Amino acid sequence: MNTQHLKGKTILITGASSGIGKATAIACAKAGMRVVLSARGLDALEQTAAQINMAKDAFGDTSGGGDAIIIPCDVCDDDSVQTLFEQTLDAVGKIDVLYANAGYGLFASIEDTADKQIRDIFETNFYGTVRCVNQALPIMRKQGGGHIIICSSACSEISLPMYGYYAATKAAQDSMAGAMRAELAGTEIHVSTVHPIGTYTDFFNQVSNKAGKDVGLNTPDSLMQTPEHVAKCILKNIARSKPKPEVWPHWFTRLGVSLCTAFPGLGAKVTRKMHQRKSG
Ligand SMILES: NC(=O)c1ccc[n+]([C@@H]2O[C@H](COP(=O)([O-])OP(=O)(O)OC[C@H]3O[C@@H](n4cnc5c(N)ncnc54)[C@H](OP(=O)(O)O)[C@@H]3O)[C@@H](O)[C@H]2O)c1
């Protein structure tokens, strides 16, 4: 993958303190990009920055490793998101790529989910994305271009038992991105969504913490992937002169999901079987 032309470009990543966001930050920094790291927890952000700087020190100036800047932010808070973008511009002067990645999962049946849980997850996963996009768009228009990447999920296309409201947030992000892509056609602002399958991150621990029990992994182990693999696919797309509209880090799932959307009855059967196998 040729990433030479990415040197000196800036990427702002939300949810950069852990999992896919952190792996993407490290991959982009290794490609020479300037990385703005954001999340709520400062300690974990500092660890991500330290890892980036350690890699840079290990190889000296020839590594092309980019700089990391930390700006904590809660994507649920309007002022916090506005400050994130203002401070990013103050520090680096431009935003070539926004990766709206912050999010979490929720394990509960539709019947058992409280109204507050639904509003909370939409507040982070969907409205958190909306807030970031609303800040990024005028900046990118002024710059004359940019790339907005939104972390959706494979379940944007096919819902999963016990993850119905989570999947709804991911479908909402995907719909929003699809509309933007059409609305921005003819401009130099590109929009991509990322659709990971189950990925080994803190995601499932957080889901278990919220559920008050160990929910295990929803995806069969054979279909799990690493955050580094997802990050590599994201970086590859950033490096393209015409970024792909959708990044599916596991192409086989894309095929399976297409079949299930064409035959919804089959989709329900497959996801029910997966769920039953996991819950014993
Ligand atoms: N892991 C999977 O199987 C999987 C599959 C498909 C899609 N995804 C998507 O991938 C994205 C990243 O998840 P992950 O798997 O990497 O999980 P993760 O390791 O738990 O990381 C989540 C990140 O989001 C941040 N975050 C959460 N709420 C936030 C808020 N209100 N404001 C700012 N930052 C916030 C967290 O940091 P703080 O808590 O410190 O804020 C953390 O950095 C999510 O959008 C998720 O839906 C994950």
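Predicted model: local features only at pLDDT ≥ 70, side-chain atom pairs only at ≥ 80, totals over all residues.
Residues are numbered from 1 along each chain as its sequence is written, and side-chain values use heavy atoms, with hydrogens and water left out.

Let me begin with the overall fold. The chain has nine helices and seven strands, where helices (H or I, at least four residues) and strands (E, at least two) are DSSP runs numbered from the N terminus. Its radius of gyration is 18 Å, close to the 19 Å that the globule rule gives for 280 residues, so the chain is as compact as a globular protein of that length; the radius is taken over C-alpha atoms, and the rule is 2.2 Å times the number of residues to the power 0.38. The C-alpha trace spans about 50 × 40 × 40 Å along its principal axes.

Of the 280 residues, 50% count as buried, a term that means under 20% relative accessible area, with exposed meaning over 50% and partly exposed lying in between (1.4 Å probe, protein chains only). Among contacts with a separation of 6 or more, 74% come from residues 24 or more positions apart, a contact being heavy atoms within 4.5 Å.

Now to the residues, starting with Ser80, which lies in helix 3 (residues 78-92). Ser80 counts as buried because its relative accessibility is 19%. Its side chain reaches the backbone nitrogen of Asp74 at 2.9 Å, and, not counting residues up to four places away in sequence, Ser80 touches Cys73 and Asp74.

Asp96 sits in the loop between helix 3 and strand 4 (97-100), and with a relative accessible area of 16% Asp96 is buried as well. The side chains of Asp96 and Lys94 are joined by a polar contact of 3.1 Å, that is, a pair of N or O atoms within 3.5 Å, where within protein one must be able to donate a hydrogen and the other to accept it, and residues adjacent in sequence count only if both atoms are side-chain atoms. Leaving aside neighbours within four places in sequence, Asp96 is in contact with Lys9, Thr10, Met140, Gly146 and His147.
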